[in-house]
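Hello! Here are some notes to read alongside the model, point by point. Please keep the structure open as you go.

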Amino acid sequence: RNYESYREMLSGIPGVTLRGLDDGEKRNYQYVVIDVDEAKTGINRDGIVQCLHAENVIARRYFYPGCHRMEPYRSYFPNAHLLLPVTERVVRRIVTLPTGMSVRRDDIARVCELLRFIVGHGTEISDYLHVPLHILVGKK
C-alpha cells in the first residue's frame, strides 16, 4: 500500500525516481527507495535529506557509506572507489523514505509534497544550504 502510494504521489517530480521492483520476485516492501538526480533536481541527495529532517521526516541515505569505504575494506583496498564507479554513483543518489505499518497515506502525501517543494526550489535551497552560518546571521 505505501509503495503504491509513493509511486502515485512521486510521479512527475523531476529527478526523483522511485526504485522499481522486479515483479518476478517476492518482497516485503521493507524499504521505499528513491534515486535523486541532482542535475534535474538542482539539489543533491544530502540536501534533500537535510530538508526532510528539518521537517521531521525521517529519511536516510541508503547504502552509505559503501562497504568499500568501511574497515577493513578501506585499509585493504584504499583505491576501491576508483574501481567501483556505479557503486559510487549509487552511494551519492539513494534515499530511503518513511514506510511501515504506522505510516499512513496522508503521511506519504506530506513527504511527497515536501519533496515536490524541495525539488521545485532545488537550486535556491542548495545555494542557501551552502552559505556559511556567519553570513546568514550577519556576524563574523
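1. Let us start with Tyr29, which counts as partly exposed because its relative accessibility is 39%; here buried means under 20% relative accessible area, exposed over 50%, and partly exposed in between, with a 1.4 Å probe and protein chains only. Y29 has a positive phi of about 60 degrees although it is not a glycine. You will find Y29 in the loop between β1 (16–18) and β2 (32–36).

2. A word on what you are looking at: this is a predicted model, in which local features need pLDDT of at least 70 and side-chain atom pairs count only at pLDDT 80 or more, while totals for chains, interfaces and linings use all residues. Residues are numbered from 1 along each chain as its sequence is written, and side-chain values use heavy atoms, with hydrogens and water left out.

3. How many helices and strands does the protein chain have? There are nine helices and four strands, where helices (H or I, at least four residues) and strands (E, at least two) are DSSP runs numbered from the N terminus. Along the sequence they follow the pattern α-β-β-α-α-β-α-α-α-β-α-α-α. Of the 140 residues, 35% count as buried.

4. N56 also deserves a look: this residue is not a glycine, yet has a positive phi of about 65 degrees. N56 sits in the loop between α3 (45–54) and β3, and is exposed, with a relative accessible area of 70%.

5. Next, find the cis peptide bond that joins E71 and P72, with omega about 5 degrees. P72 lies in the loop between β3 (60–61) and α4 (73–76). E71 also forms a salt bridge with R74, the closest N and O atoms being 3.0 Å apart; a salt bridge is a side-chain nitrogen of Lys or Arg within 4 Å of a carboxyl oxygen of Asp or Glu. E71 is partly exposed at 42% relative accessible area, and R74 is partly exposed at 46%.

6. By this rule, the count comes to eleven salt bridges. One of them pairs E88 with R69, with the closest N and O atoms 2.9 Å apart. This pair links distant parts of the chain: E88 is in helix α6 (residues 85–93) and R69 in the loop between β3 and α4, 19 residues apart. Is E88 buried or exposed? E88 is buried, with a relative accessible area of 12%, whereas R69 is partly exposed at 37%.

7. Finally, R104 and D106 meet in a salt bridge (3.1 Å, N to O). Salt bridges that share partners also join R19, D35 and R93 into one network.
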